[in-house]
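Take a look at the structure below.

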Amino acid sequence: MSYLLRVQLPDRPGSLGSLAVALGSVGADILSLDVIERGDGYAVDDLVVDVAPGALPDTLITAAENLHDVRVDSIRPYTGVLDTHRELELIDRVAAASDDRLQVLVDGAPRVLRVGWSVVVATGRRGAYRVVGSSGAPETHATNMPWMPLAHPSALDGEADWVPQVWRDMDTKIAAAPLGSTGTVLMLGRPGGPDFRPSEVARLGYLAGIVATVLG
């Protein structure tokens with residue numbers, strides 16, 4: 001069983017090593033590490049850890065937070081494929097697709113950006129509508145998106161009036177980025193959090209910009 005932990009810890013030598021020892025003491029192995037953000041004296045890291053079947057995720061939280069100034073922002077099961085070149089592979093798959101390139105994009109984005117679902121949305125004469133969605137995208141569509149057209153990648157207010165109630169009930173965090181100047185937007189949903197960090201929003205923007213160029 002694998003879990004994805006988002007951990008905030010002091011940005012100083014030895015902090016990550018201490019965390020690895022603490023997680024190892026409860027039988028967890030760190031499989032991968034992504035640095036999400038660095039600030040004034042702290043770092044936010046995503047760690048994929050492997051634990052024995054039946055192990056409780058609470059033990060991981062307790063082990064980590066027993067360390068001084070370490071906080072677990074979130075923990076959730078992880079079923080993705082570990083890959084240090086996720087964005088590049090997704091861009092290659094989109095470029096190689098003969099058709100349904102947007103579907104290839106939304107199918108791959110949740111794994112690449114570690115979210116629950118993704119959709120491409122656009123606006124027409126009848127308002128906003130979904131163009132394509134990933135397999136995990138909610139059946140309830142947002143039909144009023146007053147923030148479109150979107151000029152820059154942004155983290156959106158998940159409690160705003162335009163957000164469908166079922167999304168709010170699941171405490172869905174939302175981010176979006178324009179696909180070039182086409183008027184379409186790549187939108188991500190992360191039910192249950194955590195919040196999108198500025199570095200994640202920037203990463204989404206870079207991906208959307210490159211894919212827009214590939215789509216022509």
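## Strands and a leucine

A strand here is a DSSP run of E with at least two residues, and strands are numbered from the N terminus. The model is predicted. Strand β2 covers residues 29-38, and leucine 33 is found in this strand.

Is leucine 33 buried, exposed or partly exposed? Buried means under 20% relative accessible area, and exposed means over 50%. Leucine 33 has 35% relative accessibility, so it counts as partly exposed.

UniProt lists residues 4-77 as "domain: ACT". The entry is unreviewed. In the model, this span is 26% helix and 45% strand. How far apart are the end C-alpha atoms of residues 4-77? They lie 6 Å apart.

## A five-stranded sheet

Now for an open sheet. Five strands form it, in the order β6-β5-β9-β8-β7. The pairing is antiparallel. Which strands are at the edges? They are β6 (127-133) and β7 (154-156), and each pairs on one side only. From one strand to the next, the twist averages 30°.

Look at the β7 end of the order. Strand β8 spans residues 172-178. Three bridges join β7 to β8, and the two run antiparallel. Leucine 156 stands opposite isoleucine 174, which belongs to β8.

Technical notes:
Residues are numbered from 1 along each chain as its sequence is written. This is a predicted model: local features need pLDDT of at least 70, side-chain atom pairs count only at pLDDT 80 or more; totals for chains, interfaces and linings use all residues. Side-chain values use heavy atoms; hydrogens and water are left out. Helices (H or I, at least four residues) and strands (E, at least two) are DSSP runs, numbered from the N terminus. Buried means under 20% relative accessible area, exposed over 50%, partly exposed in between (1.4 Å probe, protein chains only). UniProt positions are given in the numbering used here, feature names are shortened, and annotations may be inferred rather than shown by experiment. Two strands pair if DSSP finds at least two bridges between them. Axes are lines fitted to C-alpha atoms, for helices over the stretch in contact, and angles run from 0 to 180 degrees between N-to-C directions.
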